[in-house]
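The sequence and structure come first, followed by the details.

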Amino acid sequence: MPAADFTELADLRTSLIRKALRYAVFAADADADAVANPFDPAGLLQTLPTGYLPVGFTTTDGLTFSGDMSNSDVESGQSSSPTRSDVETDIQTAAWVPQETNAAAVSLFENLPLSGVGSLPAMGTAAWTWARPLVPPTLYRRLVFIAEDLNKTTGNPLYIVKHFPSALRSAREDEQWTRTAEISRGVTYQAYVDETVGTDSLTWIDGPGWRDYAPEEEGGG
């Protein structure tokens with residue numbers, strides 16, 4: 001019997017290392033439809049429901065999805081480590097820095113509605129104006145994040161889509177005006193459980209490049 005190759009035993013596959021070669025952020029008000037499935041039966045991206053606005057260009061830092069977990073531990077006199085531990089909180093946030101001055105970027109930063117009463121008028125409108133309210137409103141959003149990668153073997157695209165059906169602004173960065181850099185409006189949004197969807201986050205991976213990984217007997221290559 002020939003000697004085993006370690007890489008075969010470990011099943012190391014460089015083709016499964018993913019990168020966000022291109023990515024985009026979309027935002028909608030809470031009354032917009034949640035995303036039930038971003039893909040059609042063939043695995044192609046579908047148009048988002050009405051009301052979702054593109055955030056546009058972001059800095060090269062990209063998107064950062066962070067988690068904040070805390071456990072409740074039980075300590076016992078007969079053990080130096082906890083004898084029981086239960087998850088107490090598991091919070092997910094998304095942070096990014098828009099570079100464009102558009103309706104979505106400004107509204108997410110300034111906590112303005114994306115549509116309807118109180119929303120910004122069309123781009124180019126005279127005196128494009130907004131004012132900070134005395135008491136900031138609690139505005140939940142629907143957020144969609146889409147990353148595109150390529151199948152290393154076939155070159156076909158595959159997509160990772162993450163959806164926060166209910167998200168609330170939890171932090172914003174400084175807005176700096178300087179001659180040497182763009183005016184950016186970095187924000188962090190925290191995901192909350194949506195009563196209708198039943199979760200605070202949904203993630204899909206699909207696309208022609210993803211389906212290329214399917215076993216040959218299932219139609220893949």
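## Burial and the model

A residue counts as buried when its relative accessible area is under 20%, as exposed when it is over 50%, and as partly exposed in between. Arg 142, with a relative accessible area of 9%, is therefore buried. The model is predicted.

## Nonpolar cores

The largest nonpolar core has 16 residues. Those that touch the most other members are Val 55, Trp 96, Leu 108, Leu 143, Phe 145, Phe 164 and Tyr 189. At least two residues of this core come from each of the strands β1 (22–29), β4 (84–96), β5 (140–150), β6 (157–172) and β7 (187–191), and the helix α2 (103–110) likewise supplies at least two. Another core lies apart from it and has 12 residues, including Ala 28, Phe 39, Ile 146 and Val 161.

Which residues does Val 55 touch, leaving aside those up to four places away in sequence? Its contacts are Val 25, Trp 96, Pro 98, Glu 100, Asn 102, Ala 104, Ala 105 and Leu 108.

## Ser 107 in helix α2

Helix α2 also contains Ser 107. The relative accessible area of Ser 107 is 1%, under the 20% cut-off, so this residue is buried. Not counting residues up to four places away in sequence, Ser 107 touches Leu 112, Pro 113, Leu 114, Leu 120 and Arg 141.

## Salt bridges

How many salt bridges does a search of the whole structure find? The search finds eight, among them the pairs Asp 194 with Arg 142, Asp 86 with Arg 84, and Arg 211 with Asp 206.

In the salt bridge between Asp 194 and Arg 142, the closest N and O atoms are 3.3 Å apart. This pair links distant parts of the chain: Asp 194 is in the loop between β7 and β8 (202–206), Arg 142 is in strand β5, and 52 residues separate them. Asp 194 is buried, at 11% relative accessible area, and Arg 142 is buried at 9%.

For Asp 86 and Arg 84, the closest N and O atoms are 2.8 Å apart. Asp 86 is partly exposed, with 32% relative accessibility, whereas Arg 84 is exposed, with a relative accessible area of 52%. The salt bridge of Arg 211 with Asp 206 has its closest N and O atoms 2.9 Å apart. Here Arg 211 is partly exposed at 34% relative accessible area, while Asp 206 is buried at 13%.

Notes. Residues numbered from 1 in each chain as written. Predicted model: local features only at pLDDT ≥ 70, side-chain atom pairs only at ≥ 80, totals over all residues. Heavy atoms only, no water. Core = buried A, V, L, I, M, F, W, Y, C linked by side-chain atoms within 4.5 Å. Buried < 20%, exposed > 50% of the residue type's maximum accessible area, 1.4 Å probe, protein only. Helix = DSSP H or I, 4+ residues; strand = E, 2+ residues; numbered from the N terminus. Contact = heavy atoms within 4.5 Å. Salt bridge = Lys/Arg side-chain N within 4 Å of Asp/Glu carboxyl O.
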